[in-house]
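Please read them with the structure open.

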Amino acid sequence: MKSSAPIADQSTSTIRITGKVTDEQGSLPGASIKLKDSNTGTVSDAKGNYFLNVPDNKGTLVFSCVGYLTQEIPIEGRTTINVQLKVESKGLNQIVVIGYGTVRKKDLTGSVSSIGSTEIKSQPINSFNQALQGKVSGVQITQASNSPGGGITIRVRGGNSISASNDPLYVVDGFPISVPTAANGASGSGASYANPLSTINPNDIESIEVLKDASATAIYGSRGANGVVLVTTRRGRSGQPNIEFESYAGAQEVVKQLKLGNAMDHLNLKNEQLSNLGYALRFGNPDGPYPKPVASYGEGTDWQKEIFRRAPMQSYQLSITGGSDKVRYLVSGNYLNQDGIVIDNNFKRYASRINLDATLSDRIKIGTNLTASRTINNGVSEGLVAGPIYEALTISPASPVYAADGSYQLLNLGPGTGFASTPNPVAMLHTSTNLLTTDRLLGNVFGDFSILEGLRAHISFGADVQNSFRNVFFTPQTLAGSGRNGYGSNGTSENINTLNENTLTYTRKINSDNAFDVLAGITFQSNRMQRTYQEAENFPNYTLGANNLSAATTLDISSSSLEKWGLNSYLARINYRFKDRYLFTVSARADGSSRFGANNKYGFFPSGAFAWRVSDENFLKNSRIISDLKLRVSYGITGNDGIGLYNSLSQYTIGKTVFNDVEVLTNQVSRIESPDLKWEKTAQLDIGFDAGFMNNRITVIGDYYLKKTSGLLLYVDLPATTGATSVLRNIGSVQNKGFELAVSTVNIDQGANGFKWTTAGNVSYNQNKVISLANGVDHYFSGLTIIEVGKPLGSFYGNVFDGIWQTKEEIDAAGPLAQAGSLPGAYRWKDINGDGIYNESSDRKVLGNGLPKFIFGLTNNFSYKGFDFSFFLQGVQGNKIYNNYTTLIDAQYNHLKSYYADHWTATNPSNSAGAIRQWVLPAVSDFAIEDGSFVRLKTVTLGYQLPGFTKAIRRARVYVSVQNLLTFTNYKGYDPEVNGDFNSNTQYGVDNFNYPPSRIYILGLSITL
């Protein structure tokens, strides 16, 4: 291959220098080779070779490449110079992305965690949040739904708010994106479980930074209180085109199936209940409605087996990078197709990206980031009484999938069984539609202008356009559609988010001791969302389903809406370095938002930080043990504007009434205006350190934080004379405090082809507490939990199970402690307040919390010659789960196999489950609460770097990977990582018959040309 041509600066007498640039894996194309203090330079070709003509045999060559440490090598008369560049992944000179800029890792004053492309690509993932789970201290990520493309919950250092959003701000290539709710759908259609972040292709990501403390997040002002996640995508680099192809295929299976009762178990249980209640038996009774012997039903239908399947998945990624010193490009495309482990469930993503950078002159650079994607989510309904998981667990195994005439059996056996009217999950999945299609175009164009030496302007314009369409249809073969002769709905959502940012950066090194940089800017962002929604029923035919609602004879609902918001911001930051070891950062942002009251449109959010590089002091400079030590402290105030729109304005409800026998429209006040409404503000103190030992073979990062959120947005009751029942006010406060520790070690390193073993682990502890609520209010209830001053959010609150009443004599002796009508085999509940009487409302207490006490992750990587092996452990400890399945104690539902053996009978005096009658459990009790702690072997990967077998292929790697291999837990449900109410700020760890996780086996290949 012909070597690349040198760039200018030829002279009449030159010396030709040749060589090869490599890294630890082989040839390195696109590396820059320049003669120091001149314009003479070239780039390495596809094989890493280069040649360069220099004026004489003196001078110094500078070798550099994006992602590698720069090296300077004196020529010293040589004509051949080979160099191996080292990856700049963990060094102190690593460039870390922060808000509106970058900084060397050694100069960071805030708490920022970073994950690079190497870590992201170390495992096959289909959504970038999977790269963060368990890898970043202080960040808890819970998969709200395990269905492909399902929703997630991300919390950075705990939840700050009760009624506003607790989600972090996501910034993709400088664009703060909104995460709008998906297109409207029918009740129970699973619309809330869609994950809008799944539209981003993780293969395009260069790095992910998580900004955690106020020093790092205050530059985002009113949106920084919940942390900021910065996503930076890959860019092109000069040199020959670099072509990368990545692909993997896999098979998925449900990790765990519950051991349920069979048909005979369930029918016998129903007969037992009827007998206990004094009724004639229905099953196996010649005079009953089902005279067929119970034993003849056998095992019956295994409904879990009917709805679960072994599901394939596949992904293909092609990217091309290259360019010259003037223009650099990255072009990529990705296709993901993932079937769910539940039948008729599928997720597809088509994504493409173009990133361009052009140097027009020494002073002007322009570029663009543009990605387009389409996701198609053929989802399943999830929820307490709507989804196929609930149905498969509760429907009678005596009920067949198909009736005698070949049609679907829609109910539990049929009428007269006494079983719940549970839909047939197979019928619902096979014949219903729940399709969400989302098209997204996200991009910006930008320009960098060097005005004067050290003074640079950056201007960008961008847009995030999302269009979603949801189509839901139930045929008469489903229970939902049978009584309505077909039922359908569709909804559309169009969201347009535009952004303009204008910043100035001035960098100045005054002398060897003093240097600073200043950032100032103004930004404008606006959002417009328009929605439509329709429901209809009674269809003459079902060919077009919900695609033709006008064919239905009954239109149930038709609605539309339009929402807008705007944000105008002014920002500034100063970084000052004294002697390169005393580091100061001051930042501030003023935000003006349309979301808040007329008297509080603008908020001000300042922060300050100081860091001391102790290891650069003379007394540690030559230490053989401590190679790096930096102490950090920061304090600042950030805001949270994640509330609904127009809450500061009056709201009127339109209704209808009859006046003089004529129907007329009415207007009624439903909410009065609140002109003083403003941001919830979070003040945060962070004290941390970064340490390295033995030439940074061991690195430790630790942080202690204390943050208090005040001015919580809560509703206050109003007198009836106002015409409204409540108004939103800034009252109350919540506190989070905790510590984080991240440790990475190089345990063994025998060189490029020798054995290498590295370990990275982190642990995070967070304690949440409600400090105050409205005046005169010390608690209120939110579903299963209590919000109480002095207690953490998410505290389950209810009655305490105290065993089973065994005999009538025991019940009589208990007196008022036993509920009226108690019989042997009844559930017994504790007298919490000690008044000698059990009362469901007064005998309640805190039963545990859905928030973990601490979370952790541990990764080990091994490599030897061409082989690499890694495994990743993830853990959550100290949390509780509310398992709704255990609250179903009636014989109309199927149960766990253990329940059939353990429940109370006269010959089996159990103390764990009552007799089968028609008991009603308290609304909330610890009978349904279980330990949610777990340790999971999340990922195991074995790879092999193939030796070069053709000139065209520079690198090739094959690998096998298993995800969710083992989980160690005492939880009885499908999976302890569950958060059924993932949109709730006050209920965590609720298992609403959620989609179970899958074990995934993957075979992958990556090729670089």
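The points go from the whole chain to single sites.

1. Basis. This is a predicted model, in which local features need pLDDT of at least 70 and side-chain atom pairs count only at pLDDT 80 or more, while totals for chains, interfaces and linings use all residues. Residues are numbered from 1 along each chain as its sequence is written, and side-chain values use heavy atoms, with hydrogens and water left out.

2. Overall build. The protein chain holds 11 helices and 52 strands; helices (H or I, at least four residues) and strands (E, at least two) are DSSP runs, numbered from the N terminus. Its radius of gyration is 32 Å, close to the 30 Å that the globule rule gives for 1009 residues, so the chain is as compact as a globular protein of that length. That radius is taken over C-alpha atoms, and the globule rule is 2.2 Å times the number of residues to the power 0.38. The C-alpha trace spans about 115 × 70 × 65 Å along its principal axes.

3. Of the 1009 residues, 53% count as buried (under 20% relative accessible area; exposed is over 50%, partly exposed in between, with a 1.4 Å probe and protein chains only). The chain exposes about 42,800 Å², and carbon and sulfur atoms supply 55% of it; accessible areas come from the Shrake-Rupley method with a 1.4 Å probe, and for residues only the protein chains shown count as cover. Among contacts (heavy atoms within 4.5 Å) with a separation of 6 or more, 69% are between residues 24 or more positions apart.

4. Nonpolar patch. Val445, Phe449, Ile451, Leu452, Ile459, Phe461 and Leu504 form a nonpolar patch on the surface, with about 600 Å² of accessible area together. Strand E23 (433-452) and strand E24 (455-474) are the elements that give two or more residues to this patch, and E23 has the largest share, four residues. Patches are made of residues with over 30% relative accessible area and no salt bridge; like charges are joined within 9 Å, and nonpolar side chains (Val, Leu, Ile, Met, Phe, Trp, Tyr) within 5 Å. Val445, in strand E23, counts as partly exposed at 45% relative accessibility.

5. Thr503 is in strand E25 (residues 487-509) and counts as buried at 10% relative accessibility. Leaving aside neighbours within four places in sequence, its contacts include Tyr100, Arg456 and Leu519. Tyr100 belongs to the hairpin of E9 and E10, which has two residues between the strands, and takes a positive phi near 60 degrees. Strand E9 (residues 95-98) and strand E10 (residues 101-104) pair in the antiparallel sense over four bridges; two strands pair if DSSP finds at least two bridges between them. Gly101 in E10 is the bridge partner of Ile98.

6. Three strands form an open sheet in the order E48-E47-E51, with mixed pairing. Strand E48 (929-931) and strand E51 (990-991) stand at the edges with a single partner strand each, so one side of each is left without a neighbour in the sheet. E47 (residues 880-883) pairs with E48 in the antiparallel sense over three bridges, and Lys880 has Asp931 in E48 as its bridge partner.

7. Gly30. This residue lies in the loop between strand E2 (26-27) and strand E3 (32-35) and is buried at 8% relative accessibility. Gly30 and Gly239 are 209 residues apart in sequence but 4.0 Å apart in space, C-alpha to C-alpha.

8. Salt bridges. The count comes to 37 salt bridges, each a side-chain nitrogen of Lys or Arg within 4 Å of a carboxyl oxygen of Asp or Glu. In one of them, the closest N and O atoms of Arg157 and Glu740 are 2.6 Å apart. The pair links distant parts of the chain: Arg157 is in the loop between strand E13 (152-156) and strand E14 (169-172), Glu740 is in strand E37 (residues 733-749), and they are 583 residues apart. Arg157 is buried at 1% relative accessibility, and Glu740 is buried at 3%. Salt bridges that share partners join Arg157, Lys212, Lys630, Arg632, Asp686, Asp690, Asp703 and Glu740 into one network.
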